[in-house]
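Please open the structure in a viewer that can select residues by number. The stops below follow one another as a sequence of selections.

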Amino acid sequence: MPLKLNADHLQAMQFHAKQVYPEECCGLLLGFTEPEGNRLVEVRAAQNAWDKQIASEMAANPSITKVRRYWISPEEMLVAMRDARDRGMDIIGIYHSHPDHPALPSECDRQLAWPQYSYVILSIRQGEVGETYSWQLDDHHQFQPEELMVLDP
């Protein structure tokens with residue numbers, strides 16, 4: 001099933017990725033889950049809250065920085081969930097960038113992913129956005145490609 005979005009949504013994610021390079025950007029995708037796929041209404045940039053404390057809590061190597069990881073704080077997720085709910089929407093996914101790496105999910109991405117979400121990953125190399133792909137988990141908790149269906153505004 002595709003993730004339906006418009007060109008402005010892609011541009012917002014790309015702008016955010018370029019703005020925070022060489023660190024990973026991250027954000028939330030607000031919209032609707034429909035029988036024919038997720039429909040994106042709003043891209044909501046988030047603060048990458050990854051730090052040594054989060055790394056420790058995740059049992060990750062403490063030398064891993066925001067250049068290779070992202071974290072959206074529970075408080076920011078809660079605010080976005082409430083805002084989306086108040087407007088009749090849901091969080092339908094997460095986007096993040098992979099600085100100087102392909103737009104392919106990492107093992108960390110897979111372990112932390114939720115089955116109902118779309119995961120948009122943008123490759124950004126030397127500050128320029130490359131490929132952008134979307135992924136969803138299958139019934140075996142493995143990422144499968146999800147079509148990005150860019151609609152007219």
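Helices (H or I, at least four residues) and strands (E, at least two) are DSSP runs, numbered from the N terminus. The model is a predicted one, in which local features need pLDDT of at least 70 and side-chain atom pairs count only at pLDDT 80 or more, while totals for chains, interfaces and linings use all residues. Residues are numbered from 1 along each chain as its sequence is written, and side-chain values use heavy atoms, with hydrogens and water left out.

**Stop 1: the largest pocket**

Select α3 (74–86), β4 (90–99) and α4 (107–112), each of which supplies at least two residues of the lining of the largest pocket. A pocket here is an open set of points on a 1 Å grid over the protein atoms alone, with protein on both sides within 12 Å along at least five of seven lines; lining residues have an atom within 4 Å of a point. The volume of the largest pocket is about 460 Å³, where a volume is the space filled by probe spheres set on the points, and grid points are joined across faces, edges and corners. Now select Y70, W71, I72, I94 and L112, the closest to the pocket centre of the 22 residues that line the pocket. Coloured by class, the pocket lining shows 14 nonpolar, four polar and four charged residues. In this scheme Ala, Val, Leu, Ile, Met, Phe, Trp, Tyr, Cys and Pro count as nonpolar, Asp, Glu, Lys and Arg as charged, and the others, Gly among them, as polar.

**Stop 2: the cavity**

A cavity is a set of grid points where a 1.4 Å probe fits but cannot get out. How many cavities of 30 Å³ or more does a search of the whole structure find? The search finds one. The largest cavity holds about 30 Å³ of space. To see its lining, select Y70, H96, D109, Y119, I121 and F143. By class, these comprise four nonpolar, one polar and one charged residues.

**Stop 3: salt bridges**

A salt bridge is a side-chain nitrogen of Lys or Arg within 4 Å of a carboxyl oxygen of Asp or Glu. By this rule there are nine salt bridges. Select K4 and E36, whose side chains meet in one of them at 3.6 Å, N to O. K4 lies in strand β1 (residues 3–6) and E36 in the loop between β2 (26–34) and β3 (37–46), so the pair ties together parts that are 32 residues apart in sequence. With a relative accessible area of 9%, K4 is buried, whereas E36, at 43%, is partly exposed; buried means under 20%, exposed over 50% and partly exposed in between (1.4 Å probe, protein chains only).

Next select K18 and E128, which form a salt bridge at 3.7 Å, N to O. This pair links distant parts of the chain, with K18 in helix α1 (residues 7–20) and E128 in strand β6 (residues 128–137), 110 residues apart.

Then select R87 and D83, joined by a salt bridge at 3.2 Å, N to O. Both are partly exposed, R87 at 42% and D83 at 25%. To finish this stop, select K4, E34, E36 and R39, which salt bridges with shared partners join into one network.

**Stop 4: helix α1**

Select α1, whose 14 residues reach 20 Å from the first C-alpha to the last, close to the 20 Å expected at 1.5 Å a residue; the expected span is 1.5 Å times one less than the number of residues. Which residues of α1 are buried? They are H9, L10, M13, H16 and A17. These cover an arc of only 130° around the axis, which puts them on the same side of α1; the arc is that of the directions from the helix axis to the C-beta atoms. Lastly, select F15 and Q19, which are exposed on the other side of α1.
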